[in-house]
Amino acid sequence: MSEPQKIVITDIFSPFQEYINAEQEVREVIKNIIKDVEKSLREMLITLQVIHSEINCELIHNAILKTREQFEEIRKGFDALDKVVPPSQYYRYNDHWRFATQKLCFVAALIVFLEKGVLIDQITAAEILGLHQKENVHLNLEDYLMGLLILATELARFAVNAVTLGDYNRPLQISKFVAELNAGFRLLNLKNDSLRKRFDALKYDVKKIEEVVYDLSIRGLISTNQNAEQATGVTKNE
Amino acid sequence: MLKNKGRYRPRKLKPLVGKQAKELLETLDDDHLITKMFKSFAAELDQKHDRYERIVKLSRDITIESKRIIFLLHSINTELDEKKNSVLLEAESRLLNISNHNFRSIATELKDQDGYLYHRAFTDGMQEFIEALCLYHFTKEGIIYSWDKYKEYFQYKNEENSAFELLFVQYDFILGIADFTGELMRKCINTLTSGNVDDCFKLCNFVRFIYTAFLGLPPTGNKNISRKMYVLKQSLSKMELVCYNIQIRGSEVPKHMLLNVIQSHEEESDDGFSL
């Protein structure tokens, strides 16, 4: 081997190979962790589908409880992830769990909405996911916001199905909630990124929900404004 | 607006925010919880974005200056030692200038940040800089150095003498080297015009080593690497063709004419690259 060739191979490419191999190993471990997380996530999504077909409070309550239990698995997963991701390299591997985190954030936001009727804040979301005050992983703002946008779409569907099930108060609560969310998002200067694209879909959700409310109101299913407010108040206090 | 729902179907494509949401937009005041929450989000997003943009700007300047340095290094005609030295000196000081100013600014921006979040903003500048740096060392000493050595260009000390460094991803290093082979190809052809055929063979061999090394890499999933390898292969073929022509026609054609011979040869099989 000539001198330049030796340098190219041993000094430049061998260390690079080691670097790639080490990185692949970390990625493998992460992938396995996320695979389990995604499995639990799918189960949660299935559990929560009950809201679209059942009006029975107890069934919904049970679904929420079950989802909360399933979050235990998620927290275990993120605990493990925290140990695998090297310090300040969150964004090096972020692609592996970004999507799952967004969905999980949505699930957390949905159960908080069902329980209390309020918008989940970032810290609560991080706590539910088990990403709060971790060393090397966190819930980043974009994923949290993306979760909220997914929630809006799900709530638009929920409003429609609630009417089908005869619950005429739910759409009012949802309408107010999503309108507030929409107002909030309008305060952000979103750049031309994925969050922006997803946000552009929010207005369709808002519109859909308002159409439901409109349909209810022209049929006199919401008698007066006062009643409507009372109704939303009642759902909130549940 | 809903009265005409049936007639104005296209409205569905571009819905406006409804009355209720509009009212809410107007009535939400600054003290509302949602407003407060989202204002702080907005500030965080803006901050991130602004920092990203600042780094992109810095990186763009680095790219431009690196390209100029590469151009400068190509102007060396190996015959004149004195000119060569002065060009090398100038190139060195300009490279150091990039390292000490532009890259230092990026490193300062990224202190206490996750560099990987902003990596995309400066990867281009980084690769171009590595390309220039390799060409400089190759022109000067006939060799390029390892990642560890080039890492030193991104290590700094602040006023309190505490060290900080810029994230130097190994991918950027390897991709910079891939780009650098393109410069060697250009250099090979330039050398030919000056009639220095030995250097052509040397350059060709060196690029061949690099290509061979690239072949040995495990699959990385990094699209840039395969893309640049493709370009590298083309450059190498071009150089190998040059060497072939020198060998086979070298004795028939005067050296300064060789380039024409090769160019006409290339026209038949060219892929759009012009010298």
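Helices, of at least four residues, and strands, of at least two, are DSSP runs numbered from the N terminus. On that basis, chain B contains nine helices and two strands. The model is predicted. Along the sequence of chain B, the elements follow the order α-α-α-α-α-β-β-α-α-α-α. Chain B has 275 residues, and 48% of them are buried. Among the contacts in chain B with a separation of 6 or more, 71% join residues 24 or more positions apart.

Chain A was examined by domain. Domain 1 of chain A covers residues 1–139, and domain 2 of chain A covers residues 141–238. The contact between them draws on 29 residues of domain 1 of chain A and 23 residues of domain 2 of chain A. Between their C-alpha centres, domain 1 and domain 2 of chain A are 27 Å apart. Together the two domains of chain A bury about 2,300 Å², with 67% of this area on carbon and sulfur atoms. Three residues stand out on the side of domain 1 of chain A. A:H52, A:F106 and A:F113 supply 30% of the area that domain 1 buries against domain 2 of chain A, more than any other three residues.

Polar pairing across this domain interface was then counted. Zero salt bridges link domain 1 and domain 2 of chain A. Six residue pairs, both at pLDDT 80 or more, are in polar contact across the interface of these two domains of chain A. On the side of domain 1 of chain A that touches domain 2 of chain A, the elements giving two or more residues are helix 4 (95–116) and helix 5 (122–129) of chain A. Helix 4 of chain A gives the most to that side, with 12 residues. The side of domain 1 of chain A facing domain 2 of chain A has 15 nonpolar, eight polar and six charged residues.

Chain B and chain A bury about 4,700 Å² between them. Carbon and sulfur atoms carry 72% of that area. One salt bridge is found across the interface of chain B and chain A. The partners are B:K48 and A:E142, whose closest N and O atoms are 3.0 Å apart. Eight residue pairs, both at pLDDT 80 or more, are in polar contact between chain B and chain A.

One loop residue of chain B was followed individually. B:S146 lies in the loop between helix 4 and helix 5 (147–151) of chain B. The relative accessible area of B:S146 is 16%, so this residue is buried; the cut-off for buried is under 20%. Residues of both chains touch B:S146. Leaving aside residues up to four places away in sequence, B:S146 touches A:D11 and A:I12 of chain A, together with B:F173 of chain B.

Note on methods
Residues numbered from 1 in each chain as written. Chains lettered and ligands numbered in written order. Predicted model: local features only at pLDDT ≥ 70, side-chain atom pairs only at ≥ 80, totals over all residues. Heavy atoms only, no water. Domains from an automatic or database assignment. Contact = heavy atoms within 4.5 Å. Buried area = accessible area lost by both parts, 1.4 Å probe. Salt bridge = Lys/Arg side-chain N within 4 Å of Asp/Glu carboxyl O. Polar contact = N/O pair within 3.5 Å; in protein donor to acceptor, adjacent residues only side chain to side chain. Nonpolar A, V, L, I, M, F, W, Y, C, P; charged D, E, K, R; others polar. Buried < 20%, exposed > 50% of the residue type's maximum accessible area, 1.4 Å probe, protein only.
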